[in-house]
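Colleague: I am new to this structure and would be grateful for a guided explanation of the terms applied to it.

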Amino acid sequence: MANRCLLQSKLGNLPARRGKVRDVYELAPDDPAGLLLLVATDRISAFDWVLPTGIADKGRVLTETSRFWFERLGSTIDAGVPHHLVTTDVAEMDLPEGVDRDALAGRTMLCRKSRVVPFECVVRGYLSGSGWKEYQRSGTVCGVSLPPGLVESDRLPEPIFTPATKAEQGDHDENVSFDRMLNDLGSDLAEELRERSLAIYLAGAEHAASKGILLADTKLEFGHDAATGELLLIDEVMTPDSSRYWPADIYEPGHGQPSFDKQFVRDWLLASDWDRESEPPPLPDDVVAKTRAKYIDAFERLTGAAFVCG
């Protein structure tokens, strides 16, 4: 498994912007109509740290899951969802000579360049995570008042839009009220982001439910096409990294739920003696294997396709 684990990509002499998971390359930095390459590595982060151990094939799961949703959303929502994805087929990409295309296959998106909207567009259908913590304190989530008496993991009366400011790498995103988004972006853009985000969540939740999965919440990103100004859905879409997916057959409100993500990683780190202030320790093989299996299980359930290992 280790020989399939890509922790850092390299495309000739092209400089990369490296996030927690993705390496981003500009193919024509001075051209607004130029394209980006987004390479999803097998890096995994927890508690705002990138861990030294990767999860083999994780980048392929994220890329193929996003591709599935980009394509599906274009046909299942009225008027479709404009997005930045051009192709995931590396054979169609104009890459520098000598680049190992096999290493990039299945984990690379060629995308339209965009000016990123500086907010995460979060939609919650269930009460969990930071939303549950805030509700316990104030009965609200990002300023949205909720009925009293809800318990952890309860389904909300209706999905709510709860934006967050985008943090620099290493910092936490900050949950904010919709009024803050209105003030910063203006009412037209803020309302459009809320409307699109809710429509995407509802379409995703309906499909996931048909596959025996609950979409508890998801985080979406948008940007304006750098050449045309069109508002686009960008980055990753409803992957196990950007969403909470729960198995529907064992869903039980009143406590946290098992999920299709890096739960095994978080649990192991919390049980270890790591202080979360210093470099994190390597992950043991069994935690890596269980986490990898969760990601692949989510992909196969959602798409109905067998995952092809790299």
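**Terms and their grounds**

Modeller: Alanine 40 touches Val21, Arg22, Gly59, Thr63 and Arg107, not counting residues up to four places away in sequence; contact means heavy atoms within 4.5 Å. This is a predicted model, in which local features need pLDDT of at least 70, side-chain atom pairs count only at pLDDT 80 or more, and totals for chains, interfaces and linings use all residues. Residues are numbered from 1 along each chain as its sequence is written, and side-chain values use heavy atoms, with hydrogens and water left out.

Colleague: Why is alanine 40 called buried?

Modeller: Its relative accessible area is 1%, and buried means under 20%, exposed over 50% and partly exposed in between, with a 1.4 Å probe and protein chains only. Alanine 40 is therefore buried. The residue is found in strand β3; strands (E, at least two residues) and helices (H or I, at least four) are DSSP runs, numbered from the N terminus.

Colleague: What makes β2 mostly covered?

Modeller: Four of the five residues of β2 are buried.

Colleague: How do you know that β2 and β3 pair?

Modeller: Two strands pair if DSSP finds at least two bridges between them. Strand β2 (residues 22-26) and strand β3 (residues 35-40) have five bridges, in the antiparallel sense. Aspartate 23 has valine 39 in β3 as its bridge partner, and glutamate 26 stands opposite leucine 36 in β3.

Colleague: How many bridges join β1 to β2?

Modeller: Two bridges join these antiparallel strands, and the criterion is at least two. Arginine 17 is partnered by valine 24 in β2, and a hairpin of three residues joins β1 to β2.

Colleague: Why is one side of β1 and of β6 left without a neighbour in the sheet?

Modeller: The open sheet has five strands in the order β1-β2-β3-β7-β6, with antiparallel pairing. β1 (17-18) and β6 (85-87) stand at its edges with a single partner strand each, so one side of each has no neighbour in the sheet.

Colleague: Why are α6 and α7 called roughly antiparallel?

Modeller: The axes of α6 (residues 263-271) and α7 (residues 285-303) come within 8 Å and cross at roughly 150°. Axes are lines fitted to C-alpha atoms, for helices over the stretch in contact, and angles run from 0 to 180 degrees between N-to-C directions. Angles over 145 degrees count as roughly antiparallel, under 35 as roughly parallel, 65 to 115 as roughly perpendicular and the rest as oblique. The two helices, α6 and α7, are therefore roughly antiparallel.
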